[in-house]
Amino acid sequence: MTDRKSELETLKAELEARLNRYHAHQHREGGPLEKDFEEQASQTQNDEVVDSLENEARDELAQVVHALNRIESGEGDECEQCGETIDPRRLQVLPYTTVCVNCAAD
Ligand SMILES: [Zn+2]
């Protein structure tokens, strides 16, 4: 269980670092906005990509934090929906999951 926890903590730190980079990008902390129109157009497209990556990372981070909270409270390997023990092999592949394979399939 400690392995899964440290894995999740590493994942959490990575996601937080990634979100910080996206945030910096969105706020142009990397440099001034390009004046050229063409550049702006491609930058806007880039922003949309970063936006969706940011949302993805935020969802994943929420899931990781949720899984960590469940581990903290001693129910880390219990399915959140049916209460059965989650297959350890499943937890190895998806350390941030909080449902068993049956409930995930629903
Ligand atoms: Zn279940």
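In this predicted model, Asn46 is partly exposed, with a relative accessible area of 34% (buried means under 20%, exposed over 50% and partly exposed in between, for a 1.4 Å probe and protein chains only). Asn46 sits in helix 2 (helices are DSSP runs of H or I with at least four residues, numbered from the N terminus). Gln26 is 20 residues away from Asn46 in sequence, and their C-alpha atoms are 9.8 Å apart. Residues are numbered from 1 along each chain as its sequence is written. Local features need pLDDT of at least 70 and side-chain atom pairs count only at pLDDT 80 or more, while totals for chains, interfaces and linings use all residues; side-chain values use heavy atoms, without hydrogens and water.

A welcome landmark is the zinc ion, whose protein donors are the SG atoms of Cys79, Cys82, Cys100 and Cys103, 2.3 Å from it (donors are N, O and S atoms within 2.8 Å of the metal, or 3.2 Å for Na, K and Ca; water is not among the atoms, so sites may look incomplete). The donor residues follow the spacing C-x2-C-x17-C-x2-C. Cys79 lies in the loop between helix 2 (37-72) and helix 3 (88-93) and Cys103 in helix 4 (residues 101-105), so this pair ties together parts 24 residues apart in sequence. Cys79 is buried at 3% relative accessibility, and Cys103 is buried at 12%.

The largest nonpolar core has 12 residues, among them Leu8, Leu11, Val50 and Ile71 (such a core is a set of buried Ala, Val, Leu, Ile, Met, Phe, Trp, Tyr and Cys residues joined through side-chain atoms within 4.5 Å). Helix 2 gives the most to this core, with seven residues.

Terms used
Helix = DSSP H or I, 4+ residues; strand = E, 2+ residues; numbered from the N terminus.
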